[in-house]
Amino acid sequence: MRLRPTLLCVPAAAVAAALAAGSAPAAAGHAPTTPIRHFITLMQQNHTYDNYFGTYPRGDGLPAGVCMPVDPRRPHGRCVRPFHLGSNQIAAGDPAHSTATARREFDHGRMDGFVGALDAAHEDGRLAMGYWNGSDLPYYWNLADQYVLYDRFFSSAMAGSFLNHVYWVTGGPAGEPASETGGELGQPLPRGGGRGLTTIFDRLQAAGVSWKFYVQNYNPHLTYRTFRRFPADRAAQVTRVPLLSIPRYLDTPALRAHIVPLSQYYDDLLSNRLPAVSYIVPSGPSEHPPSSLASGQAFVRSLINSLIASPEWKSSAFLLSYDDWGGWYDHVKPPRVDKYGYGFRVPAILVSPYARRGFVDHTQLDFTSILRFIEDNWRLKPLTSRDAHANSIATGFDFRQPPRPPEFTSQTRGNPLETHVRRPLIYGLYGGAAALTVLLLALALVPPGRGREPALSGPGGDER
Amino acid sequence: MSASSPSRSAVAAPAPIATLARRVAQRVREVDRTTAVEATLVCAALALAAFLRLWQLDRLGFNSDEAVYAGQAAAIANDRALTPFFPVFRAHPLLFQTILSLGYRLGTGDLFARLLADLFGAGTVAMTFLTGRLLYGRRAGVVAALLLALMPYAVVVSRQVLLDGPMAFFATVTLYLVARAILSRRLVFLYAAGGTMGLTVLTKETGLLMLGGAFAFFALSPEIRIRAKHALGAAGLAAAIILAYPLSLRFAAHTQAGQKYLVYQLFRRPNHGWAFYPTTVPEAMGVLVVAAAVLGLWLLRREISWRETLLLSWIAAPSLFFQLYPVKGYQYLIACAPPVALLAGRTLARWQPARELRWRAVRVSPRWAMTGAAAAIAVSLALPAWGAIEPSSSAGTFLAGTGGVPGGRTLGRWIRHHVPRGAEFLTIGPSMANLVEFYGHRRAWGLSVSPNPIHRNPAYDAIRNPDLAIRTNEIQYVVWDAFSASRTTFFSRRLLAYAHRYHGRVLYSQAVTVSGRDGRPVQTPLLVVYGVRR
């Protein structure tokens, strides 16, 4: 099914009317339908499910015996097995992840082009088969142990960061892209700077439901109008924050005030001003290869721990996901739902006091499933047919259970503090020692039998 | 037969009771007035000992060492909340912790642990009486027990969940049994002494010093002839009992724990100067008590026998060792307190002036003069002992002599109820870290714990890069406390620098009112908890 972008857009007049009303408290009709009064979603970057959770003990991970042909045209020729990154000479770099690479890897659904596609991009194709494990991702694996891991969560588009971020906030492909080759900054900005796009924030604003878009290292002067003046890594802010490509979010102070630096997230948690819906994007610690996984986990841990330590925890949910596959191998063929997607699976974890404990959710989801949850929870109309028909992430919740008490998830696998105590040994040895002494004392207190006991020599006898 | 038995026993029952009553009445008639007075005094000494050791016993929470020993006991008792924070095999043997764990199987708490420590303290007073009676007669036993009951040193140490108090108890039992063995010439007492010597070491490894004291005694007392096989038998029994410690380490695959601690103790830097014990312990024992003990050795020099050699050996072995040893602890010499009290009791009970004392029209018989001296010394002990168990509020010394850390327990309970499980803390030093872990059930790292394994207690883990740990959100809270800050201003400043650098927010604070330099009451911070983040 091909979506018609023009049909997905809400008339600008309606949006403007809603804005005029300001961000009033949620109308009675938009009160949350679940105990979740605060929903936070964070978009990290560029990993597949198999790349992060392929060897996780539960869930749909790397199949046994998989070996990716170097040349898809020779399926029985040389092949590459999945390997733990860092365990061989293959450098853990940043695999190519253009739309063209995705298509080669997908190979018309045969899913056999992951090595060949990188080779074609003049990279070491074997890299695509690399994966990380629990020793590299202890925090995420621990989160999966304690909360909900989605193992059928697909990126919305078989493309790069920009298009998937747009799906994340609009449920659609942002109009007709200028080209379908990239998805990265500077290539497919919608004509007119995304003027006609309707976002979930328009819906929330109109409904009087509070929201904020938290941006790490936010530069308010960096928008779709100015990004060419900035170095590419800084200009990526526009990729991660699609609102910065939509004129009304730049030109309307009431809307622009919702795009804020990430430091406000921590302040809002402390001052009980956390909005109903929060979108968060990182800057440096996005985990975009080859950046540090530890740094990314520390960043995510800081966000989640701050939420857990706040009074808002008992009515919150935090969804961590990744914008695209980043060039890495994933063994699950993404279903085709329209021209753009789905893309390959990405990791996604739900953290909430109402999240099922240690649950692997097999529900088919994508970024529009996040929108679906927000729309269901605050009784909003869907933005596109994609989110209208998407499954909600709500399958990860169990609202019948009482909210789980706040608890920080460990950043190390296992419990290094836990020691095995051999209690019977301690009681046996020390108890035996004490019993032997008591026996000797008892023998000493028994009056001596005449001539039966050897005597000490010495003064004696003059007890006073 | 079965029908007649109950009626027969019902008829016969009053006979033993009547017999018992007659025997008791006969014994009461036999007790002379002096004995009755002395028995009353023994009871009074024990009552005083109990009072001073129980008064507001639970007013303050544990100090660091108490938290560690109680934590170990909780881990042995399978307390799931504390087991992750307190490895059973840390530094010392586990006899006291194992006994404590039996009570902790019903629930971990402060009061029970301190009551158990107190029980050993009161037991030491009782054993001091028995030893004094054995060596110098009932009067000396009563006086020695009274002095020990009131001795601030014994009171302060007994009120804490430390290993030294129970170790002193077993050492005093051993002292009694050695004396009993010599006086009764019964070998079994020597073997029993070997057993209790083993328990002394199983309570704390420094009890080995008392073994040295015993050897010194036999070597210095030629009149005590003991066959080698008997000595070896007693030593063998002690060794067999001590063996429980290395065996438990070996079977639990924790042999390195003991070895590391030994190496650390041998090579750690001195924590006090040579004058530490001479300036603190006599004052804590009571200067008059020490003076009476020393004076008696001169005044009663004609009576000196193996008895004094025994007591002096018991004092000299630990005193000499710890005086020479670079690491010193206030409570390390507590095993010397009973023999010192015994020597003082000997002086007060057995020495009298040659004639009555006269002061103007007042005449005091020699016996009453010594009774008055004993009473005066007792009062001189009681006052500082009372002061020691009442937490002071003077500036800079609000850390109670009873060993507890004010606010530590309250802080820990606040943490347990307000800080998410799994949170980690940075404290100035390991003392507060232990309290956070014991009461708060949260992991805590002492900033002052050296990353260099040569310079740190192997029981503690060092935080290698606290700055990084905060930036990566491995540590989310920082605790400043006045107790640790007073010990190390350097690490106090460093800790506060982290709090300021990483958006420290005050989440919890405690202050105490203390006397300022001008004598006016002022509020001073006691504890502050900061939430920190990158």
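Reader: How are α6(A) and α13(A) oriented to each other?

Author: Angles under 35 degrees count as roughly parallel, over 145 as roughly antiparallel, 65 to 115 as roughly perpendicular and the rest as oblique. In this predicted model, helix α6 (residues 138-146) of chain A packs against helix α13 (residues 293-309) of chain A at about 40°, with the axes 9 Å apart. The two helices are therefore oblique.

Author: This is a predicted model in which local features need pLDDT of at least 70 and side-chain atom pairs pLDDT 80 or more, while totals for chains, interfaces and linings use all residues. Residues are numbered from 1 along each chain as written, chains are lettered from A and ligands numbered from 1 in the order written, and side-chain values use heavy atoms, without hydrogens and water.

Reader: Which residues of α6(A) meet α13(A)?

Author: Contact means heavy atoms within 4.5 Å. On the α13(A) side, the partners are G296(A), Q297(A), V300(A), R301(A), I304(A) and N305(A). From α6(A) come P138(A), Y139(A), Y140(A) and L143(A).

Reader: What kind of pair do the rings of F53(A) and Y56(A) form?

Author: Rings of Phe, Tyr and Trp (its six-membered ring) pair if their centres lie within 6.5 Å; planes under 30 degrees apart count as stacked, over 60 as edge-to-face and the rest as tilted. The search finds 51 aromatic pairs over all chains. Here the centres are 5.7 Å apart and the planes at 90°, so the pair is edge-to-face.

How values were computed
Axes are lines fitted to C-alpha atoms, for helices over the stretch in contact, and angles run from 0 to 180 degrees between N-to-C directions. Helices (H or I, at least four residues) and strands (E, at least two) are DSSP runs, numbered from the N terminus.
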